Amino acid sequence: MAFWSEQSSEAKRNYRFRITLDGAAIWWAKTVTLPSFDVSEVEHNHMDNKYYFPGRVSWSEVSMTLVDPIDPDAAQQLSNLLVKMGYNVPTETSAQTKGTIDKSKNTITVLIEVVDMDGTQAVETWTLNNAFIKAAKFGDLDYSNDELKTVELTLRYDWATHTAADGTDYFKKS
């Protein structure tokens, strides 16, 4: 089916997407980068020739910009996710307690869905596997600016799974 010649065909739109962080729909997401990967290469020299072979796949970080509404409070929800991931908030009595976030137990579920023109059905879904929050910037305040307050979020994950509308998982081994 050729997209340009079929009237019943529709294209995916950049502004039609849904984000789900740990089971909660994030309707205030403004932008998101879709998962991407790089394949490293290994060079092999043989006599006068160079040959290249594919190496390891490395998934790039996903970043998103969220508007920070008053209710629900996006900054508070991200702080709660950080605690859920295992971060121990220091207090005066526990300031000397050392700890790290344990990725094996405390990752979050992240779904990025591209939806159809009606906004009712996902035509493609990206699942970030073993995801965690790498960075969060809670915006800048400025009296000369009347823009909405935003939160910049960076997510790291081990790999992504891409699923089509028909349920086909493109990165799953058959």
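This is a predicted model: local features need pLDDT of at least 70, side-chain atom pairs count only at pLDDT 80 or more; totals for chains, interfaces and linings use all residues.
Pairing was found with two other strands. Strand S6, which comprises residues 62-67, runs antiparallel to S9 and is joined to it by six bridges; within this pairing, valine 62 stands opposite leucine 155 of S9. Strand S8, formed by residues 122-137, also pairs with S9 in the antiparallel sense, here over five bridges, and alanine 136 has leucine 153 of S9 as its bridge partner. As a general point on such elements, the side chains of a regular strand alternate between the two faces of the sheet.

When neighbours within four places in sequence are left aside, the contacts of threonine 150 are with Lys30, Thr65, Leu66, Val67, Asp68, Lys137, Phe138 and Gly139.

Threonine 150 also takes part in the lining of the largest pocket, for which a volume of about 210 Å³ was computed.

Backbone geometry was examined at several loop positions. The peptide bond that leads from aspartate 71 to proline 72 is cis, with omega near 5 degrees, and proline 72 is placed in the loop between S6 and helix H1, the latter covering residues 74-84. A positive phi, near 50 degrees, occurs at aspartate 22, a residue other than glycine; aspartate 22 lies in the loop that separates strand S1 (17-21) from strand S2 (24-25). With a relative accessible area of 27%, aspartate 22 is partly exposed. Methionine 47, likewise not a glycine, has a positive phi of about 55 degrees and is found in the loop between strand S4 (37-46) and strand S5 (49-59). The relative accessible area of methionine 47 is 77%, and this residue is therefore classed as exposed, a term that applies over 50%.

Conventions
Residues are numbered from 1 along each chain as its sequence is written. Side-chain values use heavy atoms; hydrogens and water are left out. Contact means heavy atoms within 4.5 Å. On a 1 Å grid over the protein atoms alone, a cavity is a set of points where a 1.4 Å probe fits but cannot get out, and a pocket is an open set with protein on both sides within 12 Å along at least five of seven lines; lining residues have an atom within 4 Å of a point. Grid points are joined across faces, edges and corners, and a volume is the space filled by probe spheres set on the points. Two strands pair if DSSP finds at least two bridges between them. Helices (H or I, at least four residues) and strands (E, at least two) are DSSP runs, numbered from the N terminus. Buried means under 20% relative accessible area, exposed over 50%, partly exposed in between (1.4 Å probe, protein chains only).
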